[in-house]
Amino acid sequence: ARKATKEMGIKLVEATASSSAAVNSAAQSLKGRVDAIWISTDNTVVSALPVVSKVAKEEGIPLVVADPTSVKEGSLAGYGFDYYDHGLRAGDILLEAMGGKAPNKIPIQVMQAEDLSLALNLDYARGIDYQFPEEVLKMADQFVLNGEVWVKKGSE
């Protein structure tokens, strides 16, 4: 994030939390200092995502996460690898090994750019009076609308 924001000419403001109890203080420290919040796949912060979401919504700022499966928990958008899909792939590998295939004969699998998923929370967008550009809506694999997750046909 540091490298990407520097290359993009974006000022990065960091807030860290060493425990889920400290997430609220970290989120509160961003008030009035940022135009958007991005959360990596940090388990400490993701476990307290509703706390960060509440602060971001109160301030009317976009909250974006690197885990598309957590968008329903209260963020504007999520872009990254779907951990459910990771689990399915791991299960397939486990089945091969349990079926007697030697582990050194099972190819290493690396997630690719085409494995990334974009989830958009239309409820959150409405709450902060934000409209996604049409091209972003077309790129999305799933949407949250009225509290429900909707998967775009062909994205399953």
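How far apart in helix α4 are E58 and K54, counted in helical turns? Being 4 residues apart in helix α4 (residues 49–59), they are separated by about one helical turn. This tour returns to that pair after a view of the whole chain.

The model is predicted, so local features need pLDDT of at least 70 and side-chain atom pairs pLDDT 80 or more, while totals for chains, interfaces and linings use all residues. Residues are numbered from 1 along each chain as its sequence is written, and side-chain values use heavy atoms, with hydrogens and water left out.

**Whole chain.** Select the protein chain and display its secondary structure: 7 helices and 6 strands, in the order α-α-β-α-α-β-β-α-β-α-α-β-β. Helices (H or I, at least four residues) and strands (E, at least two) are DSSP runs numbered from the N terminus. Along the principal axes, the C-alpha atoms fill a box of roughly 55 × 35 × 30 Å. Of the 156 residues, 31% are buried (buried means under 20% relative accessible area, exposed over 50%, partly exposed in between, with a 1.4 Å probe and protein chains only).

Select K54 and E58. Their salt bridge has its closest N and O atoms 2.7 Å apart (a salt bridge is a side-chain nitrogen of Lys or Arg within 4 Å of a carboxyl oxygen of Asp or Glu). K54 is exposed at 53% relative accessibility, whereas E58 is partly exposed at 45%. The structure holds 6 salt bridges.

Next, select R2 and E14, whose salt bridge has a closest N to O distance of 2.9 Å. R2 belongs to helix α1 and E14 to the loop between α1 (2–8) and α2 (23–28), so the pair ties together parts that are 12 residues apart in sequence. R2 is exposed, with a relative accessible area of 58%; E14 is partly exposed, at 43%.

**Helix α5.** Move to residues 83–98. After α5 comes G100, with a positive phi near 105°. Select K101 and E96 to display a salt bridge of 3.1 Å, N to O.

**Strand β5.** Finish at Q142, in strand β5 (residues 142–145). Q142 is buried, with a relative accessible area of 14%. Its contacts (heavy atoms within 4.5 Å), not counting residues up to four places away in sequence, include D82, L118, L120 and W150.
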